[in-house]
Amino acid sequence: MNNIFKNKTVLILGATGSIGKEICKQLSQYECKIIVIGSNLKSIQNTKNIIKDGIAEIETLKCNLNIKKDVLNLMNLLKTKYKVNVLINCAGIFINSPIDKTSPKIIEESFNVNIKSPFMIIREAIKNMKKNKWGRIVNLGSSSSYNGFNDSSVYCSTKHAILGFTRAIHNELKSFNIRCYCISPSSTKGKMGKSTKNQDYDTFLDPHDVAKYIIFTISFDSNLMNEEVLLNRMFIK
């Protein structure tokens with residue numbers, strides 16, 4: 001398989017979460033440039049420390065996807081500085097709340113982080129991809145992209161939206177040789193996984209495996225295309 005990441009610029013939203021951090025770690029072994037995006041400076045530095053011994057060039061940027069000013073700043077950098085070839089969107093917040101106890105503030109924040117801001121950032125990033133007639137966009141979905149679960153109506157809504165968004169842009173952008181993927185893991189170990197109720201955490205997916213699968217899937221540069229993947233657990237408790 002060709003090394004498609006060589007000399008490419010890879011922007012990773014949500015790079016400080018369990019899956020995003022593992023993707024950074026594995027991609028750091030390629031000759032590429034990784035732009036680490038997160039909402040917390042301490043977490044960003046932690047991710048950078050983990051991947052600093054790789055061969056990739058690393059840049060970091062604080063961007064809270066719930067803050068309009070941060071998002072506009074990143075979009076401006078995509079116009080003026082970062083010519084992104086691969087964008088991997090791992091950003092997301094998970095809320096456990098019955099619908100009648102879900103505040104308007106939580107609804108707005110969830111949609112901002114999980115779909116609205118990634119939409120706007122991807123909208124800007126594809127301009128360089130279209131110009132080069134090559135690109136990769138990965139949106140991290142969830143089993144909640146396909147199902148509805150108790151006390152998670154706002155999260156399920158945003159993840160259904162990210163699936164529909166990715167399906168649409170795949171069809172729209174494939175003529176420009178831009179491949180768009182929605183990869184949807186079941187419950188995964190990490191901070192978000194620990195907030196999941198009524199499930200056995202020990203059965204959750206390993207972020208290392210999810211990251212490895214994502215990198216493998218987007219590495220094909222032939223006519224083979226797996227645009228939509230649901231990563232289930234073998235055993236669920």
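This is a predicted model: local features need pLDDT of at least 70, side-chain atom pairs count only at pLDDT 80 or more; totals for chains, interfaces and linings use all residues.
**Helix packing**

Two packed helices are described by the angle between their axes and the distance between the axes. The table gives these values for two pairs.

| Helix pair | Angle between axes | Distance between axes | Crossing |
|---|---|---|---|
| α1 and α2 | about 30° | 9 Å | right-handed |
| α4 and α5 | about 15° | 9 Å | right-handed |

Helix α1 spans residues 18-27 and helix α2 spans residues 41-51; they pack at an angle of about 30°. Because angles under 35 degrees count as roughly parallel, α1 is roughly parallel to α2. On the α1 side the contact involves Lys21, Cys24 and Lys25, which meet Asn46, Thr47, Ile50 and Ile51 of α2. By class, this contact of α1 with α2 holds three nonpolar, two polar and two charged residues.

For α4 and α5, the packing angle is about 15°, and α4 is therefore roughly parallel to α5. Helix α4 contributes Ile107, Ser110, Phe111, Asn114, Ile115, Phe119, Ile122, Ile126 and Lys130 to the contact, while α5 contributes Val154, Tyr155, Ser157, Thr158, Ala161, Ile162, Phe165, Ile169 and Leu173. The residues of the contact of α4 with α5 comprise 13 nonpolar, four polar and one charged.

**The second largest pocket**

The lining of the second largest pocket divides into six nonpolar, three polar and two charged residues.

**The cavity**

The count of cavities of 30 Å³ or more comes to one. The volume of the largest cavity is about 30 Å³, and the residues Leu163, Thr166, Arg167, His170, Cys180, Cys182, Glu227 and Glu228 line this cavity. The elements giving two or more residues to the lining are α5 (153-173) and β6 (178-185). Of these, α5 supplies the largest share of the lining, four residues. By class, the lining of the largest cavity has three nonpolar, two polar and three charged residues. Helix α5 accordingly takes part in the lining of the largest cavity and in the contact with α4.

Conventions:
Residues are numbered from 1 along each chain as its sequence is written. Side-chain values use heavy atoms; hydrogens and water are left out. Ala, Val, Leu, Ile, Met, Phe, Trp, Tyr, Cys and Pro count as nonpolar, Asp, Glu, Lys and Arg as charged, and the others, Gly among them, as polar. Axes are lines fitted to C-alpha atoms, for helices over the stretch in contact, and angles run from 0 to 180 degrees between N-to-C directions. Angles under 35 degrees count as roughly parallel, over 145 as roughly antiparallel, 65 to 115 as roughly perpendicular and the rest as oblique. A crossing is left-handed if the near helix is turned anticlockwise from the far one by less than a right angle, and right-handed if clockwise. Contact means heavy atoms within 4.5 Å. On a 1 Å grid over the protein atoms alone, a cavity is a set of points where a 1.4 Å probe fits but cannot get out, and a pocket is an open set with protein on both sides within 12 Å along at least five of seven lines; lining residues have an atom within 4 Å of a point. Grid points are joined across faces, edges and corners, and a volume is the space filled by probe spheres set on the points.
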